[in-house]
Amino acid sequence: MPMLRNLVAAGHKVRAYDVAEAARVEAREAGAEIAPSAAETASEVNVLISMVPTGRHVLEIHTGPGGTLARLPDGALLIDCSTIAVAEARALHAAGAERGTPVLDAPVSGGVMGAQAGTLTFMVGGEARDLDRARPIFQAMGRNVFHAGPAGNGQAAKVCNNLLAGISMIAVSEAYTLGQRLGLEPATMREIVSTSTGSCHALVNYPPVPGLLPNVPSSREYRNGFAAELMLKDLRLAEQAAMDTRSSLPLGTLAASLYGLFCGSGSGDLDYSAVIRMIEGAPAVAARP
C-alpha cells in the first residue's frame, strides 16, 4: 500500500487489486482504480507490478490459465517485487520471453518504514535495457536501484541480504540480552558498539530493544514491520538455494530453526526483531487476533 501511494503521488495512474476487501477499499481511497481481479489489472497498462507471498502465487497470477501474461498489451513490462526462489523467478522470465513480454525480478529491502518513506532498495534481475525503462517507476517508490545481473539475480541478492539480516538480528538480540544482564544499559551499548567492530544495521537502525528508537517495530510492540514468518520463509529460501548450489549455511540453518520455534509459538505475525523475546526467555508476545 505505501508503494501504491507513492506511485499515485508521483503522478502515475494506478489500477490495483488485492484479495482483501479492506486493502481494495484503502487503495481506492488512495487514488487507485480497482480491478475486479488480479488478471484484469493487466489490461491496457504500460507496467504491471506484483507483490505476493510465494513463488506459487507469482506463477499462478502471471502464467496460470487466464493469467496476466495472456492479457498484457504488447510492449508492456512485468515487474515482480515478491521475494521468491531464484528458480521460480527464472521460470517467470522464461514465460515472459515466450510471450514476448520483458520481465524484471525486483525484490525490495527496507520494510514498511522504507516503503512509507519511499526509500526502498530494489535489487533487480533482468535485462539492463528493461531496467532503464523501469527506473522512473522504481525511483517513485525507492531510493536505491541496483542491477544485480540477469534473470533471477534480484532474488539471489535478496536471499543473501535476508540471510544476513535474519542471522544478525539473532546475534544482536543475544548481545543486548547479555549486556543488560551484565548491567549495561541498552542505549549505552548501542552508542558504544555503533562505533566499534560489532556495529551493524540491526543494532544501530533496527534495534530489537524497545525505546531505543521511536520509529522501529520494537517501540510499537513489534507491530507493522517485517513479520517473523516472512523472515522464516526467506531463510528457508536461502536453505533451498544452498541445497541447489551445494553451499553450507550452518548459521543460516540455525537461524531458520530459531525463527521456526518463534513462529511456532504463535508470534509469527510480529516483526522479526521480536525474536529477542524468545532469547530473553520472556513469554511469547501475543499475536494479532
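Q: What makes Leu 164 exposed or buried in this predicted model?
A: Leu 164 has a relative accessible area of 61%. Exposed means over 50%, so Leu 164 counts as exposed. Leu 164 lies in helix α7, residues 153–181.

Q: How far apart are Leu 164 and Ser 82, in sequence and in space?
A: The two are 82 residues apart in sequence, and their C-alpha atoms are 18 Å apart in space.

Q: Why is the contact between Arg 5 and Glu 26 called a salt bridge?
A: The N to O distance between the two side chains is 3.1 Å. The cut-off is a side-chain nitrogen of Lys or Arg within 4 Å of a carboxyl oxygen of Asp or Glu, so the pair qualifies.

Q: What makes Arg 5 and Glu 26 partly exposed?
A: Arg 5 has a relative accessible area of 39%, and Glu 26 has 32%. Buried is under 20% and exposed is over 50%, with partly exposed in between. Both values fall in that range, so both residues are partly exposed.

Q: How do you know that Glu 33 and Arg 15 form a salt bridge?
A: Their side chains meet at 3.2 Å, N to O, and the limit is within 4 Å, so the pair counts. Because Glu 33 lies in strand β2 (residues 33–34) and Arg 15 in strand β1 (residues 15–16), the pair ties together parts that are 18 residues apart in sequence. Glu 33, at 36% relative accessibility, is partly exposed, and so is Arg 15, at 23%.

Q: What separates Glu 60 and Arg 56, which also meet in a salt bridge?
A: The two residues are four apart in helix α3 (residues 55–63), which means a separation of about one helical turn. Glu 60 is partly exposed, at 46% relative accessible area.

Q: How many salt bridges are there by this rule?
A: The count comes to seven.

Q: How do you know that the buried residues of α2 line one face of the helix?
A: The buried residues are Ala 23, Arg 24 and Ala 27. Seen down the axis of α2, they fall within an arc of 100°, so they line one face. These residues pack against α1 and β2. The face turned away from the buried side carries the exposed residues Ala 22 and Glu 29. After α2 comes Gly 31, with a positive phi near 110°.

Q: Why is strand β7 called mostly covered?
A: Six of the six residues of β7 (residues 120–125) are buried, which means each has under 20% relative accessible area. Leu 120, Phe 122 and Val 124 point one way from β7, while Thr 121, Met 123 and Gly 125 point the other way. In a regular strand, side chains alternate between the two faces of the sheet.

Q: What makes β6 and β8 pairing partners of β7?
A: Pairing needs at least two bridges. Strand β6 (residues 108–109) has two bridges to β7 and runs antiparallel to it, so β6 qualifies. Six bridges join β7 to strand β8 (residues 142–149), in parallel, so β8 qualifies too. Ser 109 stands opposite Thr 121 in β7, and Phe 122 stands opposite Val 145 in β8. From β7 the chain crosses through helix α6 (residues 128–141) to β8, in a right-handed β-α-β crossover.

Key:
Residues numbered from 1 in each chain as written. Predicted model: local features only at pLDDT ≥ 70, side-chain atom pairs only at ≥ 80, totals over all residues. Heavy atoms only, no water. Buried < 20%, exposed > 50% of the residue type's maximum accessible area, 1.4 Å probe, protein only. Right-handed = clockwise from strand over helix to strand, strands pointing away. Arc of directions from axis to C-beta. Contact = heavy atoms within 4.5 Å.
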